[in-house]
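Work through the exercises below with the sequence and the 3D structure at hand. Try each task before reading its solution.

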Amino acid sequence: NAFAWRDGSIFINIGLLRYLENEAQLAYIMAHEIQHYQKEHALMQFKKKKDLESIFNRQSELDAFMEQMKYSRTHELEADAEGFELYSQSDYSLLEARKALEILKIVDSDFYTDSLNLLEVLSSETFKIDSSWLCNEEEVMDLADVGYSESGSGRGRDNQRENTNQGRTRNTVTDKYETAEDREETEEDSTIDDDDEEEDRYSTHPSLKKRLKELNELLAGKDTSSGAAYLVSEKRFNQVQQIVTFEVVHEYYKDADYFRSLYESLQLQKQYPQNEYLKEISCQSLFWIAYYFNLNSVNEIMDDYEKYADQEYGKFLCFFYYIEENDLIDMAVHFIRDAHKTYPANETIEIALARLLPLNRDSREAKNIYKDFSDNHPGSIYTNFSEAMKKKKKL
C-alpha cells in the first residue's frame with residue numbers, strides 16, 4: 001500500500017516497494033499520492049464522514065458506509081488520472097504507469113515463484129530430509145480442500161490428517177513443481193462485469209479492471225515509444241529494494257508469523273547464502289515452530305492453508321502439515337546445531353539451540369550451553385535468561 005497524509009507526507013509500505021520493478025513505477029505511485037495531497041482528499045474524506053454522521057438518523061449505518069466508500073473510490077480515480085498527467089510531464093516511460101497498477105494484482109500473492117528445494121535447504125550434514133516427506137501436487141490440492149484452519153484447541157490435526165492422508169504412501173516424489181515459465185499466461189478480460197461492480201461497492205478503491213481501463217484511455221493519446229525506467233539512480237533503487245526485502249523477513253518474524261519468516265529467509269538465502277542474519281532468523285523461526293508443535297498448538301501460528309494452495313508457499317506449508325513432530329524436532333535440532341558450528345559467536349543461534357534441545361530430550365547439552373554462555377558472550381541480552389536457566393534443575 002501507499003498513502004499520503006494531510007501534511008503532504010507520503011508513505012510507501014515495504015511490501016509494495018518489494019514488488020515494484022523500477023524507479024518509474026515508484027514515481028507513478030508517488031504522483032498518485034501527490035494528487036491526493038494537492039486535491040485535499042484526506043480533508044474532504046473527513047468532512048464527508050462528518051456530514052454523514054450528522055444525517056445518520058436518516059440513513060442506516062450501511063447506507064452511510066456505502067456512501068463513504070463511493071466517495072473514496074471517486075478520489076482514487078481522480079488521483080489515478082491527475083497523477084498520470086503529473087507523471088507524464090517527466091521523462092519516465094508512460095507504460096510503466098500501467099505496469100505499476102498491474103503489480104497491484106499480485107501484491108497479495110507469493111513474492112517467489114520458484115520452488116524451494118526443501119531437501120537441500122532443511123537437510124544438514126547430520127540429518128537428511130526423506131524425499132517421501134515432500135508433498136506432490138495432488139496432496140497440495142487435496143489438503144486445500146480439507147484445510148486445517150478450522151481445527152479446535154490443541155494440535156487438532158490428527159483427525160484431518162487421517163482424512164487427508166488415507167492411502168498415502170511415502171514414495172519418493174519425482175514430479176517437479178511447475179515453474180513460472182510453465183504456467184500458461186492468459187490475457188485477462190478487461191470488461192467490467194456485475195461482479196466487479198458489486199466488489200467495488202464495499203471497497204475504498206475501484207476494481208483494478210476499472211482503474212486500468214481508465215488509465216488505458218489516457219495512454220491511448222500519448223506517445224509511449226520512449227521514456228526511461230530510471231532517472232535518479234538504478235543502483236540506489238536496487239539498494240532500497242534489497243533493504244526492504246530483508247525488512248519483510250524481519251517483520252514476519254516480529255509478528256510471530258514463523259512459517260512465513262522461515263520460508264522468506266530460506267528463499268532469500270538462495271541469493272545470499274552466507275548471510276548470517278538470514279540463518280539466524282531461520283533458526284529462530286524453526287525453534288518456535290518446533291515449540292508450538294510440542295505444545296500441540298501449531299494451529300495458532302499457521303496461516304489459512306487454502307489461501308496459498310496454488311503458490312510455492314502452499315507447498316512449503318504442506319510439508320509441515322504432514323511431517324511428524326519427532327521428525328520436525330530432530331530436523332530443527334540438526335539444522336540449528338549446524339548453524340551454530342558455522343556461526344559459533346552468534347548468541348541468538350546458540351540460545352535457540354539451547355531452548356530446543358530439551359524438546360529432543362537432550363537437557364544435558366542445553367545445560368552446558370547455559371553454563372558457559374555468560375563467559376562466551378559477555379554483555380549479551382540473553383545473559384539473565386541463561387543464568388536463570390542454568391539454575392533450573394529441570395529444563
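The model used here is predicted.

**Exercise 1.** Determine how the axes of H11 and helix H13 are oriented to each other, and list the residues that make the contact.

*Solution.* 
Step 1. Helix H13 covers residues 276–294, and its axis comes within 11 Å of the axis of H11. The two axes cross at roughly 20°.
Step 2. Angles under 35 degrees count as roughly parallel, so H11 and H13 are roughly parallel to each other.
Step 3. The crossing of H11 and H13 is left-handed.
Step 4. From H11, the contact uses Phe246, Val249, His250 and Tyr253. From H13, the residues are Tyr277, Leu278, Ile281, Gln284, Ser285 and Trp288.
Step 5. Sorted by class, the contact of H11 with H13 has 7 nonpolar and 3 polar residues, and no charged ones.

**Exercise 2.** Describe the packing of helix H16 and helix H17.

*Solution.* 
Step 1. Locate helix H16 at residues 347–356 and helix H17 at residues 363–376. Their axes are 9 Å apart, at an angle of about 155°.
Step 2. The cut-off of 145 degrees applies again, so H16 and H17 are roughly antiparallel to each other.
Step 3. The crossing of H16 and H17 is left-handed.
Step 4. In H16, Glu347, Glu350, Ile351, Leu353, Ala354 and Arg355 take part. In H17, the partners are Glu365, Ala366, Ile369, Tyr370, Phe373 and Asn376.
Step 5. By class, the contact of H16 with H17 has 7 nonpolar, 1 polar and 4 charged residues.

**Exercise 3.** What is the volume of the largest pocket, and which residues are closest to its centre?

*Solution.* 
Step 1. The volume of the largest pocket is about 1100 Å³.
Step 2. The pocket is lined by 47 residues, of which Asn1, Ala2, Leu16, Leu104 and His205 are closest to the centre.
Step 3. Among the elements that give two or more residues to the lining are strand S1 (2–4) and helix H2 (23–38). H2 gives the most, with 6 residues.
Step 4. The lining residues divide into 20 nonpolar, 12 polar and 15 charged.

Conventions
Residues are numbered from 1 along each chain as its sequence is written. This is a predicted model: local features need pLDDT of at least 70, side-chain atom pairs count only at pLDDT 80 or more; totals for chains, interfaces and linings use all residues. Side-chain values use heavy atoms; hydrogens and water are left out. On a 1 Å grid over the protein atoms alone, a cavity is a set of points where a 1.4 Å probe fits but cannot get out, and a pocket is an open set with protein on both sides within 12 Å along at least five of seven lines; lining residues have an atom within 4 Å of a point. Grid points are joined across faces, edges and corners, and a volume is the space filled by probe spheres set on the points. Helices (H or I, at least four residues) and strands (E, at least two) are DSSP runs, numbered from the N terminus. Ala, Val, Leu, Ile, Met, Phe, Trp, Tyr, Cys and Pro count as nonpolar, Asp, Glu, Lys and Arg as charged, and the others, Gly among them, as polar. Axes are lines fitted to C-alpha atoms, for helices over the stretch in contact, and angles run from 0 to 180 degrees between N-to-C directions. Angles under 35 degrees count as roughly parallel, over 145 as roughly antiparallel, 65 to 115 as roughly perpendicular and the rest as oblique. A crossing is left-handed if the near helix is turned anticlockwise from the far one by less than a right angle, and right-handed if clockwise. Contact means heavy atoms within 4.5 Å.
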